[in-house]
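Reader: Please show me the model. I would like to go through the terms used for it and see what each one rests on.

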Amino acid sequence: MGLAYRIVTNYTCSMTTASVQDTDSLTAHEAVGAAVNQGLFLLHKTRRSLASHLGMTGPAVSRKLQGTTGWSVEDLILTAEFLGVDPASLPVSYTHLRAHE
């Protein structure tokens, strides 16, 4: 299952269904951005708070979430920590991510 599903089951046990976006047609960076956006929404966290956690500006985080700027491995690990999930739950393999940097 996707990252959003794992977040829902981790944080809202009473919720029975979750909408998980199909990431097959997205680039690696877009897929990560979509999953992170879902996580932010489900946890009621803001892009600004994620930007602060990553040590970057809000517009820089917005570009990452849109997939126009790449995600570094460090960004992925810090973002997973911020969302309270295992970094391995992000929808992209390290090899695929490196190919798109």
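**Salt bridge and helices**

Author: One salt bridge turns up in a search of the whole structure. This is a predicted model, in which local features need pLDDT of at least 70, side-chain atom pairs count only at pLDDT 80 or more, and totals for chains, interfaces and linings use all residues. Residues are numbered from 1 along each chain as its sequence is written, and side-chain values use heavy atoms, with hydrogens and water left out.

Reader: What makes the pair Asp75 and Lys64 a salt bridge?

Author: The term requires a side-chain nitrogen of Lys or Arg within 4 Å of a carboxyl oxygen of Asp or Glu. For Asp75 and Lys64 the closest N and O atoms are 2.8 Å apart, so the pair qualifies.

Reader: Are Asp75 and Lys64 buried or exposed?

Author: Both Asp75 and Lys64 are buried, a word that means under 20% relative accessible area, while exposed means over 50% and partly exposed lies in between (1.4 Å probe, protein chains only). Of the 101 residues in the protein, 37% are buried.

Reader: How do you know which stretches are helices?

Author: They are DSSP runs, numbered from the N terminus: helices are H or I with at least four residues, and strands are E with at least two. The protein comes to six helices and zero strands, in the order α-α-α-α-α-α.

Reader: Which residues of α4 are buried, and what covers them?

Author: Helix α4 spans residues 58–66, and its buried residues are Ala60, Val61, Ser62, Lys64 and Leu65. Their cover includes α2 (28–42), α3 (47–54) and α5 (73–83), where contact means heavy atoms within 4.5 Å.

Reader: What caps the N-terminal end of α4, and what follows the helix?

Author: Thr57 is the cap, with a side-chain oxygen 3.2 Å from the backbone nitrogen of Ala60. After α4 comes Gly67, with a positive phi near 90°.

Reader: Why are the buried residues of α5 said to line one face?

Author: The buried residues there are Asp75, Leu76, Thr79, Ala80, Phe82 and Leu83. Seen down the axis of α5, they fall within an arc of 155°, so they line one face of the helix. The arc is that of the directions from the helix axis to the C-beta atoms. Just after α5, Gly84 has a positive phi of about 75°.

Notes: A polar contact is a pair of N or O atoms within 3.5 Å; within protein, one must be able to donate a hydrogen and the other to accept it, and residues adjacent in sequence count only if both atoms are side-chain atoms.
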